[in-house]
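Reader: I've got a model open and I'd like to learn how to read its aromatic rings. Can you walk me through it?

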Amino acid sequence: YRVVHTTGFDYDAEVVASYNEARMLPIKSDSQLVFSSKLEIQPSGSAHEYIDFFGTRTVAFEVLEPHSVLEITANSVVELRPASETSADHLEWAQLAEAVTTQLELIDALTQTERTNPPAALAKAARDLAKVNTPNQTALEICKLIFGAMEYRHGHTGVHSIAADAWLRKIGVCQDYAHLAIGAMRAANIPARYVSGYLHPQLEPKLGETVVGESHAWVEWWVGEWVAFDPTNDVSVTNRHIVVGRGRDYDDVPPLRGVYAGSNESKLNVKVEITREV
């Protein structure tokens with residue numbers, strides 16, 4: 001796939017300077033080969049790339065000349081390869097509890113955040129599922145519970161929304177589904193993390209056809225290995241999901257974050273295009 005993700009801000013007046021971080025470039029893994037990836041920034045400024053604590057490619061940059069528009073374009077070509085078969089011998093509850101105490105990564109993935117902290121009713125439902133299922137089955141049932149209870153609808157939640165609010169309204173977008181699933185899994189003592197990336201919207205992507213896409217979010221839980229699932233669409237992660245970053249919640253993986261000096265008002269612009277090239 002070729003993914004072209006353009007984002008940035010229009011300011012209502014010139015800003016003097018801006019300092020930003022972008023997480024828009026796909027990561028490399030056994031199941032995801034990155035042929036090329038480039039970030040273009042206008043106006044240009046100094047930039048450097050690093051891998052953050054959670055393994056996400058991050059570009060920090062600053063624009064020190066006055067500007068009224070900031071535009072960032074990530075152009076990437078990736079090949080998605082079949083994921084390795086997951087183990088049939090996932091950990092049982094006692095084994096999972098013991099393993100969690102030995103790895104910082106898992107302790108982070110088990111700690112609730114403000115965004116993921118679930119309402120009491122959902123936390124209880126998750127713990128009830130855990131009483132009659134293995135950890136892996138519990139995580140899967142949590143995803144299916146959320147998919148059945150929620151209605152996917154734009155415009156009712158935003159990037160600052162939290163799981164508890166989305167559950168109260170039973171309305172949200174992929175970010176809300178992911179936060180709800182993660183919070184419920186953590187309530188059941190299953191380490192879980194947030195995954196951001198892109199999803200080709202067609203089940204059978206047509207060769208050479210460019211389609212309008214968007215940033216997407218799904219979850220991974222650890223039961224001896226990381227298992228990925230898309231609760232928004234009630235499907236296992238497939239060869240249409242392109243991974244950009246992972247973290248405890250959305251706050252660890254926003255596509256663009258920064259500060260600027262100048263105008264009080266700004267408008268965020270986002271456009272994602274995805275093309276199956278082979």
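Predicted model: local features only at pLDDT ≥ 70, side-chain atom pairs only at ≥ 80, totals over all residues.

Reader: Is F53 buried or exposed?

Author: F53 has 61% relative accessibility, so it counts as exposed. F54, at 26%, is partly exposed.

Reader: How many aromatic pairs are there?

Author: Rings of Phe, Tyr and Trp (its six-membered ring) pair if their centres lie within 6.5 Å; planes under 30 degrees apart are stacked, over 60 edge-to-face, and the rest tilted. The whole structure has 6 aromatic pairs. F53 and F54 make an edge-to-face one, 4.9 Å centre to centre with 90 degrees between the planes. Y194 and Y250 have ring centres 6.4 Å apart and planes at 80 degrees, so that pair is edge-to-face. Both Y194 and Y250 are buried. Ring pairs also link F9, Y11 and Y260 into a cluster.

Reader: Which charges sit over a ring?

Author: The test is NZ of Lys or CZ of Arg within 6 Å of the ring centre and within 35 degrees of the ring normal. K170 has its charged end over the ring of W167, 4.3 Å from the centre. R193 lies over the face of W226, 3.7 Å from the ring centre.

Note on methods: Residues numbered from 1 in each chain as written. Heavy atoms only, no water. Buried < 20%, exposed > 50% of the residue type's maximum accessible area, 1.4 Å probe, protein only.
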